[in-house]
Amino acid sequence: MTRPIRILLVEDNQADADLTMETLEAGKLRLQIKLAIDGAEAIDYLRGAARDSKTELPDLILLDLNLPKKDGRQVLREIKAEELLRRIPVVILTSSDAEQDILKSYDLGANCYVTKPVGLSAFQSIVRCVENFWFTVVKLP
Amino acid sequence: MEAAPNAMILVDHDRLITMVNKSAEELFGYAREDLIGKPIECLVPNRFQQGHSEHVREFLSAPQTRAMGAGRELYGRRRDGTEVPIEIGLNPIETPDGFFTLASIIDITERKHADERFRLAVEAAPNAMLMVGADRRITLVNRKAEDLFGYSREDFIGRPIEDIVPERFRQKHPEFVQGFLAKPKTRAMGAGRELFGRRKDGTEMPIEIGLNPIETAEGLVTLASIIDISERKRAEAAHEQLAAIVEFSDDAIIGKTIDGVITSWNFGAERLFGYTADAAIGRNIAMIIPERCMEAELSLREQIRESHSVSHFETVRKRKDGTEIEVSVTLSPIRSTLGEITGASSIARDITEIKRRDAELKRSNAELEQFAYVASHDLQEPLRMVANYTELLAQRYQGKLDEKADKYIHYASDGARRMQRLVADLLAYSRVGSQGRPLVKVRSSDVLQGVLESIDRSIHESGASIEFGPLPDVLADEVQLRQLFQNLIGNAIKFRSDAPPRVVVKAIPNGDRWLFSVTDNGIGMEMQYADRIFQMFQRLNERGKYDGSGIGLAISKRIVERHAGSIWIESTPGAGTSFYFTLKPAEGGGI
């Protein structure tokens, strides 16, 4: 049996996180989701996993931009600056559709940028789309 | 008698000449022997001869020494027939040989000429001239005097001078005349007093009078030269009025030389800068200019030297107490009568308060915009939660609870959706001001083309036809212009009648702007709602019939206003609607 796909979800809003996790888990894939509720926790977890062979690095990171303690942009910058982390695809999942956020995220090396849509079903279909794309279409490292 | 300078002729009782002297020979051109024994009438011009014997008879009936021909002009006849103007003195002489008359004759040709020259000079004078005798009667006037006072020459002569003095001054006038005659010298009349003349029709005019005493054979006469100063008075009054306006203007109005030396300083300047006129005039304008503004001042002077005016230049000035004020300065060159630029007039207006209010307004507008942005942006997040979870509730529990629960969940998610829409609209509205980009040259035809492509589906579905001719380059924020076209064309399609929508987009030059129109054949509306449709969240139609929250036209208006244009509507119910808006042409794009 293949190992479950590991996802790090960085999201400070518990309700949003629940919705995302519920939607992801309702899919057919076997997932193992780790939630970090702020930027600092996300970076600590990733660095820990990179050092400690017992903890596995995630296959994909879903990153919100507006986060307490350490901003999502800073988290992205740090991920892409570390050799062991930079290969992990980072999907920005945010409510901001501001152009400067989109451009900045790609500049910092985001692998894709997704705006949380208005409406539950739209949100659900976007999350499934992301799941499907990254875990069935794309060849991950 | 022979040596006398005057011509002397002795005539006997029978009017025969008995003796003449050398001067008489010279005057009349006869040799002595030709005259002796001839009747005196040979020296009288033919035209006077008839009356002459009569005059002689009168003289002889009451002989006494006197001038001949009082009041008449006398002429003698020379041998060659020419005439000579003369004056004659008559002296009766009683001798043993009988009664003789000795006539002493003076050639007054020269005097006549002098009189004529004087009369011509008076006539030609540019002023009204009046000659007045010691009896205060007018003896001579010129054409100008006739024109000025309205009396004809004949009417004038002999009138007392008081006839042209206004009644209220008449009583004192003889006294003034007396005073002048007592110390006759050329001078202006009524020094320090305002003088008025009275015309024949009773109207008055302000005048100036110069008095010249002239000693004549008839005694001391006065030649008065009179100028009508109505025009000058009017000009003075106008000048005084202007001066008062300048003096009491709220603005500081300052005159200065080209090098900045203050030459005039009105009350507004006293108030604004704290220096009195006495303290300011003669000093250099630099005293009210802060050091750091001096360079700008010098460059303004250069412009003045090159005869340019400067309008509403905003700068800072220093008051007497050292505080600084913001002013708007307008400068114009002052020219000498020769046309040279000798200085500048400077009008300074205190704009400290205006600037403060302006800044306050900008700040408060920015705050409001920021508030709207933050409020709508930050509301989105929790709203999304409400909407998502009510929907999730609906998904998971629809039909699993009772009917009421289903209904309540429906109300909650419907309300949340509507609110999401409003918040999104509010955000879009606030973004027009806060997220706008600089205005640049934009091809409006390209923008419209792009809009049509993006709403291609709704055009197809509604069967709409969109027509547009050549459209100009304008100064715009492309994203917002796109939104504007999209709103207006979307509006035209949305409010269509039963007929397929037909929309025409045009632009024509209108003053310094382009006037765009978007005309449809839709349902139209009553013009009484023309203002309301541009307000936020105002809808004319009941919810449900037409989709939308009523933000589109409010955003459109805000976009046009951010572009310094205006937008309005013309509409007829059932016939269609035209939206009009104006935009600035792109620089160099012409109009």
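1. Two residues count as being in contact here if their C-beta atoms, placed from the backbone, lie within 7 Å. Keep that in mind for chain A of this predicted model: among its contacts between residues at least 6 apart in sequence, 67% join residues at least 24 apart.

2. Staying with chain A, you'll find five helices and five strands. Read from the N terminus, its elements go β-α-β-α-β-α-β-α-β-α. Of the 141 residues in this chain, 29% are buried.

3. Now to where the chains touch. Chain A puts seven residues into the contact, and chain B puts in 10 residues. On the chain A side, α1 (14-25) and α5 (120-137) are the elements that give two or more residues. That side has five nonpolar and two polar residues, with no charged ones.

4. For the largest nonpolar core, look at chain B. The core has 40 residues, and V474(B), A476(B), F485(B), L488(B), I489(B), V518(B) and L583(B) have the most contacts inside it. Helix α17 (residues 478-494) of chain B is the top contributor, giving seven residues. This core lies between domain 4 (356-434) and domain 5 (440-583) of chain B, because both give residues to it.

5. Once you set aside its neighbours within four places in sequence, its contacts are L488(B), I489(B), A492(B), V503(B), V505(B), S578(B) and F579(B).

6. There's also a second, separate core, with 22 residues; L8(A), L46(A), L67(A) and L93(A) are among them.

Notes:
Residues are numbered from 1 along each chain as its sequence is written. Chains are lettered from A and ligands numbered from 1 in the order in which they are written. This is a predicted model: local features need pLDDT of at least 70, side-chain atom pairs count only at pLDDT 80 or more; totals for chains, interfaces and linings use all residues. A nonpolar core is a set of buried Ala, Val, Leu, Ile, Met, Phe, Trp, Tyr and Cys residues joined through C-beta atoms within 7 Å. A residue is buried if 20 or more other C-beta atoms lie within 10 Å of its own, exposed if 12 or fewer, and partly exposed in between; C-beta atoms are placed from the backbone. Helices (H or I, at least four residues) and strands (E, at least two) are DSSP runs, numbered from the N terminus. Domain bounds come from an automatic or database domain assignment. Ala, Val, Leu, Ile, Met, Phe, Trp, Tyr, Cys and Pro count as nonpolar, Asp, Glu, Lys and Arg as charged, and the others, Gly among them, as polar.
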